[in-house]
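Please look over the sequence and the model before turning to the points below.

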Amino acid sequence: MVVLRREIGDVLRNARQRQGRTLREVSSAARVSLGYLSEVERGQKEASSELLASICDALDTPLSIVLREVSDRIAVAEGLLIPDTVPADLASALARQDRAWARQRAELAPIG
């Protein structure tokens, strides 16, 4: 069974470790006790939205990125395909624009 607080904790811990930072550094920057941050990272405590935002700020990582990674991890655990980040209608509209620009570019005469 997927437990949201564990996934959030894993993502936060991974972000901190990728930065080579200690629990003490991040807890101080986030203004949360070292013990509580440790419990959040281990999935033993659920962080409030305010605390999660503070930890993300301390890690200089957007909350949306953390939540996206958590969402992707849960989707994989549930056996779902992770959807593309660009909606299909937007992707096709951009492709049409690219083709139109390519045609216009081909019509331009080279200089010199």
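Are H2 and H3 roughly parallel or roughly perpendicular to each other? H2 and H3 are roughly perpendicular (the term for angles of 65 to 115 degrees). The structure is a predicted model, in which local features need pLDDT of at least 70, side-chain atom pairs count only at pLDDT 80 or more, and totals for chains, interfaces and linings use all residues. Residues are numbered from 1 along each chain as its sequence is written, and side-chain values use heavy atoms, with hydrogens and water left out.

**Overall architecture**
- The protein chain contains six helices and zero strands, where helices (H or I, at least four residues) and strands (E, at least two) are DSSP runs numbered from the N terminus.
- Of the contacts (heavy atoms within 4.5 Å) between residues at least 6 apart in sequence, 59% join residues at least 24 apart.

**The largest nonpolar core**
- A nonpolar core is a set of buried Ala, Val, Leu, Ile, Met, Phe, Trp, Tyr and Cys residues joined through side-chain atoms within 4.5 Å.
- The largest one has 18 residues, of which Leu-12, Ile-55, Leu-59, Val-66 and Val-70 touch the most other members.
- At least two residues of this core come from each of H1 (4-18), H2 (23-30), H3 (34-41), H4 (49-58) and H5 (63-77), and H4 gives the most, with five residues.
- Residues up to four places away in sequence aside, Leu-12 touches Val-40, Glu-41, Leu-52, Ile-55, Cys-56, Leu-59 and Val-66.

- Val-26, Ser-27 and Ala-30 are the residues buried in H2.
- They lie on the same side of H2 because they cover an arc of only 100 degrees around the axis, the arc being that of the directions from the helix axis to the C-beta atoms.
- Arg-24 and Ser-28, on the other side of H2, are exposed (over 50% relative accessible area).
- The buried residues of H2 pack against H1, H3 and H4.

**How H2 meets H3**
- The axes of H2 and H3 come within 9 Å and cross at roughly 110 degrees; such axes are lines fitted to C-alpha atoms over the stretch in contact, with angles from 0 to 180 degrees between N-to-C directions.
- Leu-23, Arg-24, Val-26 and Ser-27 in H2 meet Leu-34, Leu-37, Ser-38 and Glu-41 in H3.

Terms used:
Buried < 20%, exposed > 50% of the residue type's maximum accessible area, 1.4 Å probe, protein only. Parallel < 35°, antiparallel > 145°, perpendicular 65-115°, else oblique.
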